[in-house]
Amino acid sequence: MMYVVKYSGKFGFIKPWTAVRDGETFSQQFLTPSIIEGIEKKLFPELLEVKGCIQKIIRHKLRYDAMDSQQEQTQTRGWEYIPGKKLYVRGKLEKGKITKSILIRTVMINPVLYLAFKEKQDAEKASKEHICLCRNEDIMLPDEEVLMLSEQEFEALNGFELRFGESEHSFLVGYNRFDGAAPMYGWLEYNGNSVL
């Protein structure tokens, strides 16, 4: 048996990897080992010194209602001085030089994340804490009730799960910021209608 906490967000959330990937490739709808480790360190700050391994979260599953692509304009950090107008402005397009750009960011609408724990006390502690999926403003709140599920019941939940490790089905999913940029591998499992 495992102890499961359900987290949900009632609006749009930046999708994992979307900040760096959506401009070139469709970013992924799964959580990497370093994202799960970051969530775990937020829930259990006593693990901050333990690098590169997940201690308490044994499984996870992510689903959402829909995805929506939105445009965002970015600007340079610096200011440009226009002498004739005695004016400082943020970056702009001038003489073929681009100093700001448009990004397409995909957001998940109404995400739901299930986190499974070995120990009941870990799940109970997690059920009293919010988490951030990828950015500090993307707060997901827990249900107070801790679910007790078998492995088969957990697998029956709708959603995506990246199973961590190397197997014949694994692919490179990124580099672990908590473990000296070590490569991270996993294989994707999903059940049911993950996008409702």
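Is Asn110 buried, exposed or partly exposed, and at what relative accessibility? Asn110 counts as partly exposed, because its relative accessibility is 24%. Buried means under 20% relative accessible area, exposed means over 50%, and partly exposed lies in between (1.4 Å probe, protein chains only).

This is a predicted model, where local features need pLDDT of at least 70, side-chain atom pairs count only at pLDDT 80 or more, and totals for chains, interfaces and linings use all residues. Residues are numbered from 1 along each chain as its sequence is written, and side-chain values use heavy atoms, without hydrogens and water.

**The whole chain**

The chain has four helices and 14 strands. These are DSSP runs, numbered from the N terminus: helices are H or I with at least four residues, strands are E with at least two. Of the 196 residues in the chain, 39% are buried. Take the contacts (heavy atoms within 4.5 Å) with a separation of 6 or more: 70% of them join residues 24 or more positions apart.

Most residues other than glycine have a negative phi. Asn110 is not a glycine, yet its phi is positive. Ala181 also has a positive phi without being glycine.

| Residue | Phi | Loop between | Relative accessible area |
|---|---|---|---|
| Asn110 | about 50° | β7 (100-109) and β8 (112-117) | 24% |
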